[in-house]
Amino acid sequence: MREVRVPTEPRRDSGRGASAAPRTLAEELRARPDEDLAALLMARPDLLSPVPGDLTQLATRAGTRASVVRALERLDRFTLQTAEALAVAPAPCTDEVLLGLMAGDAGDEDVARALPGAVAALRTQALLWGGDDRLHLVRTAREVLAPGTPSGAVGGTAGPSPTGLGPTVAEVTAGMSPGRLQEIIATCGLPTTHDPVTAVGALAALFRDRERMAALLAQAPEESGEILARLVWGPPYGTVPAQPSAPVRWLTDRGLLLPTAPGTVVLPREAALHLRGGLAHRTPEPLAPVVGSAAEHRPPIVDATAAGQALMAVATVEDLLKEWDLGGPSVLRAGGLSVRDLKRTATALDTDETTAAFWVELAYAAGLVASDGEADERFAPTPAGDEWLALPAERRWAALVAPWLTATRTAGTVGGQDAKGRTLSALGPGLDRSPAPLVRHRVLELLAALPEGQAVAPVTLLARLRWEHGSPAAGAGTAAHAPAARAAAHGSSGPAMNGPATSATAMNGPATSGTSVNGPAISPATSGTSGSARTAANGSARSAVSASARARSAATRIAAADPPAPPAAAPDDLRSRLARWTLTEAELLGVTGRGALSTHGRALLGVHAADAPNVTPPAARAAATAAAVATAARAAALLAPLIPEPLDHVLLQADLTAVAPGPLERPLAAMLELLADVESKGGATVYRFTPGSVRRALDAGQTAGDLHAFLVQRSRTPVPQPLSYLIDDVARKHGHLRVGAAFAYVRCDDDALLAEILADRRASGLRLRRLAPTVLAAQATPDLLLERLRGMGYAPAAESEEGDVVVARADAYRTPPRTAPVPVQGGPPLPDATLLGAAVKAVRAGDLAATAVTRPVAAGAGTTAGAGVGGRTTGAAGRTASADGGLPRTTSAETLATMQAAALTSSVVWIGYVNADGAASQRVIAPVRVEGGFVTAYDHTADEVRTFPLHRITGVAELADGPA
């Protein structure tokens, strides 16, 4: 037998004797020190909404289904496996029994070392209570995690079990006839009994006895072993025909398969544990998966790559603001960007739609773009965007990273569907995912744990995150491992075990929707399993039954009602998707370089900025957001030396292009983008001069002389002659034609040029006619006429009513000042240290008041004042506090006398108090002074000195002992 022992952790002295074991969770919480209660409230902040009145209320709230499911979802996988093992263990459970379920008969040193920590984590979260020899899992957690008890009706049901274990022998045989029980134990070679309870106990003891059980299974037919091998790791239910085959009858006659409903049988829990070698789980996972490295790079290379990508991120957001400078796309009626506008934006940013959605959402989170709120609503840059453009590159990067750390809006969900089947659009509603900030921060922490320069292997990173949140390993089913799903399934009586859509196993008959087994008996999959316990358990189900189970028979087919699920290539739960998106976004932002965390990326871990969405609003949330900004600023200081200084020059080339060998100063970049078109981007940006781009600069009010002077001043190379000719040629033609409003007219001193336009077929749509030798009238607006003439290759200029040239520079469009979107809070807010301390004091004081023992009053003591309200008498008989546990009731005279006596003796009293709003409460106070109809006392409930009007005190009772 195993020799492994559970190492016990030191326990704080609770003040009770060794024999005073807690009888309830409330009693154990009452014995815990204040720091343990604070740890519980921090781990489960939902228990603070509102603050419990006493420890009994706290224990009751900690056992509600919603709170328990939320707590289970936050456990790591091994702690969750420990809770699942406790759910199928007898209650109360000893540490030896729990170790046997987790480590198996062969033992596992890793499990033994990790088990005390898992038990301590369950204690901290009040999911487990009691001593090591009497471990009690909270009843609600047992209901969520344990398999349901079959109802015994037709189509009996049972809840899903994450362990794959079925109900116990006692649960399955609850409705079985005594005669049938006697037949089963007689077939097993056990002596008959006189009552069903003894018979059930004898059968369960047989299944738990390793030696006797092995001897019984050695007599089983080989085909029976195949059946057990199919059921041993779950699901434990199977369907049988009206006339089962001999191997099935052999199992049912000996109770190894027990009926739960007509046509449905189950493998009892005790028998399954024997076949498993004592393991509750096929693969216990006491050790967190190691985050592996995919490649290794020199840290300077990583930092340089990340810096280049950070600069590219800033430039991309700049391009987005320029694209929407004159007014961006319209807002959909349901909110957000249309698919067409997102495609257009992606084309302008020279990227794909998914990445474009990320940049748009990032700019929105940073407060750089927003909707204008007008009737014809559209998106546009905000005034904050103009301020952002004026900042240095590293500060612009910090202004993007800070909101990314805390944002709950996730661009990766764009294109998906919400719960109602509506498509999610960029900048639209429904993109918030509350776990996103925590997942981002945890991914960065795991990346920082790797040595500098090592790129993470995404598969190992996802495996680690799934382990930390109790999710099943890749390829495993998720239904049995999701507490919320199990709670829902349990609440709906579980899945049916008799029908085509069940997860049961069909025996001895054609499978209706499953797969017929004609090959070797199914053996548990053991890939990735470590430890001698798992190795021994893998073969126990078959070796205990038969050494060679190769015989096949059509009468002994076993088929699953549901086809086996194919192995999952990659997990698709929300946290895994968020982690994959985080890796991609971190690379786009320059937080990582070549898959490794950069030096400035490590600085982002200085403050837990991921807590910002979940802290108590509003002051604490603002402080957390400010901490995120400060963290990003420190990272920007590390990034600044890696970013090249902006250049004040370009290199002009003879092929009408200009090369910017690095980032340009803002005025130079703005002028160059007006005068030329961007041809390519990268480490160097290439601009191309065209007639259209030169005309754009002339339309903006520049003259040919201004353009020549600009190029001479800003070029490190001589201005090529073709470029000078291009500028002069476009300038000579620019404004030669004048367009005004008639509808519209064209005016030109060269009547031959006007004749050429009239003869051009492309001008037929303008319906031109000659009014004078130098004037043409058009049936089109001036804007359309300008556009058409420019499309025909001319260079017209707009003319005002006075005949002056109109500068055609469009004004930038801005939204009113907008604030950045606030991250959506996921779950209850996290309490700060001040709130935790106050809550613990309030709960302690309320518990003291609720459990206070009043001092007995001698008969005849007090003042008799006749009948009180409801026929109650005052004095000794009128003190109902100790009798019914309600608010104390005393007369005004007795209240005054008791208060004065308590002030003289410095004793503590229990009062009933009604405030100005009429709300009644119980308080434990220590009176200091009584005068003028008021009592000044130290209020243990509020932990402060307060003054109470005597007329609002409904009664008073002396306590047997002062407060602890």
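**View A. Helix α13 in the predicted model is mostly covered.** Of the ten residues in helix α13 (residues 222-231), nine are buried, that is, under 20% relative accessible area with a 1.4 Å probe and protein chains only. These buried residues are E223, S224, G225, E226, I227, L228, A229, R230 and L231. Helices (H or I, at least four residues) and strands (E, at least two) are DSSP runs, numbered from the N terminus.

**View B. Four strands form an open sheet with antiparallel pairing.** The strand order is β14-β15-β17-β16, where two strands pair if DSSP finds at least two bridges between them. At the edges lie β14 (651-653) and β16 (677-680), each of which pairs on one side only. From one strand to the next, the twist averages 30°; axes are lines fitted to C-alpha atoms, and angles run from 0 to 180 degrees between N-to-C directions.

**View C. Strands β16 and β17 pair in the antiparallel sense.** Three bridges join β16 to β17 (residues 685-688). Opposite V678 stands Y687 in β17.

**View D. R923 lies in strand β24 (residues 920-931).** R923 is buried, its relative accessible area being 15%. Its side chain makes a polar contact with the side chain of S921 at 3.5 Å (a pair of N or O atoms within 3.5 Å, one able to donate a hydrogen and the other to accept it; residues adjacent in sequence count only if both atoms are side-chain atoms). Leaving aside neighbours within four places in sequence, R923 is in contact (heavy atoms within 4.5 Å) with V909, W910, I911, Y913, D939, T941, R946 and F948.

**Notes.** Residues are numbered from 1 along each chain as its sequence is written, and side-chain values use heavy atoms, leaving out hydrogens and water. In this predicted model, local features need pLDDT of at least 70 and side-chain atom pairs count only at pLDDT 80 or more, whereas totals for chains, interfaces and linings use all residues.

Conventions: Buried means under 20% relative accessible area, exposed over 50%, partly exposed in between (1.4 Å probe, protein chains only).
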